[in-house]
Amino acid sequence: MTPEGLQISTPTDTTIVLLRTFHAPRRLVWTAMFTPDKMRRWMLPPPGWTTTVCECEPHVGGKLRLAWKDAENDPAMTLEGVFTEVVPHERAVHTETMKLGSGETIGSLVETHEFTEEGGVTTMRITQQYASKDARDGAIASGMDQGMEACYLQLDAVLAPPA
Amino acid sequence: MKPIGIVNHMVSDREARLDLVFHALAHPARRAILRQLSGGERNLTELASPLRMTFPAATKHVRVLERARLVRRRVAGREHLCRLRAQPLEEAMRWTEQFRLHWEARFEALDSLLDEMKAEEAPRPAPRGRGRTRRS
């Protein structure tokens, strides 16, 4: 089994699925995904941004907290969530709300991570599920960063043949 | 996690335009209109009727699409004919490509990190040469 490149799909109007394989046992992928000092290594902030807060407690009820600052704003953006479902090394579900430094909410979603391992190669599937269509559309309207994700759905909807 | 790497607070014409495009695409009625227009030029009545929408409501949506430069309208006699413009959609799709690139960059960083973690966890014995001590 060779690792595949990133695959992105939009199975429903409110979801995005990211699929990627890694040459590592899923235990390690899990640790890399949910341990703060490891997260800081791969969760690359935009140029000029610094990660100021990175907390992650991958157990049911555990918190996810991230914050970034830029030259003008501290924080420039925050992300907060709670883990609602955790099967260590297999599956984790957490909520996620992003806010601008001003406190304005720019989007909420539920993110599910699923890990399967075969012959030392781990496949990670991330499913991003918007709480509602309104939340998704609101996110699109409020900023490009959110629009980025949602536009996949939008373009899909536009370019797909009518149902 | 969100693709924060793509957040860009710089305001440029291009981004302002893309904002209009994403805003325009955010409404199901406007997506339906674009779908209809992908089949060719339509007048406003033709666009309004399958949506069970009043003429003024359809006009309002078409205006939003026009502002985003997704639709061009021309007047022929008493008819307002609308046509799809593909270029802003292509631009928007390049942004979706950015989304993919952003995640790919993150996952490549994750690849390197995982290589390190694997190396730390199981230091490989020297491949050859007897009597060499294993690194601690």
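Quick housekeeping. This is a predicted model, so local features need pLDDT of at least 70 and side-chain atom pairs count only at pLDDT 80 or more, while totals for chains, interfaces and linings use all residues. Residues are numbered from 1 along each chain as its sequence is written, and chains are lettered from A and ligands numbered from 1 in the order in which they are written.

Back to chain A: of its 163 residues, 31% are buried, meaning 20 or more other C-beta atoms, placed from the backbone, lie within 10 Å of the residue's own. Helix 1, residues 26-34, is mostly covered, with seven of nine residues buried. Among them are Trp30(A), Met33(A) and Phe34(A).

Now chain B. The axes of helix 2 (residues 28-37) and helix 4 (residues 55-67) come within 10 Å and cross at roughly 75°; axes here are lines fitted to C-alpha atoms over the stretch in contact, with angles from 0 to 180 degrees between N-to-C directions. That makes helix 2 of chain B roughly perpendicular to helix 4 of chain B, the label for 65 to 115 degrees.

Who's touching? Helix 2 of chain B brings Ala29(B), Arg30(B) and Ile33(B), and helix 4 of chain B brings His61(B), Val62(B), Val64(B) and Leu65(B), with contact meaning backbone-placed C-beta atoms within 7 Å.

Technical notes: Helix = DSSP H or I, 4+ residues; strand = E, 2+ residues; numbered from the N terminus. Parallel < 35°, antiparallel > 145°, perpendicular 65-115°, else oblique. Contact = placed C-beta atoms within 7 Å. Buried ≥ 20, exposed ≤ 12 C-beta atoms within 10 Å, placed from the backbone.
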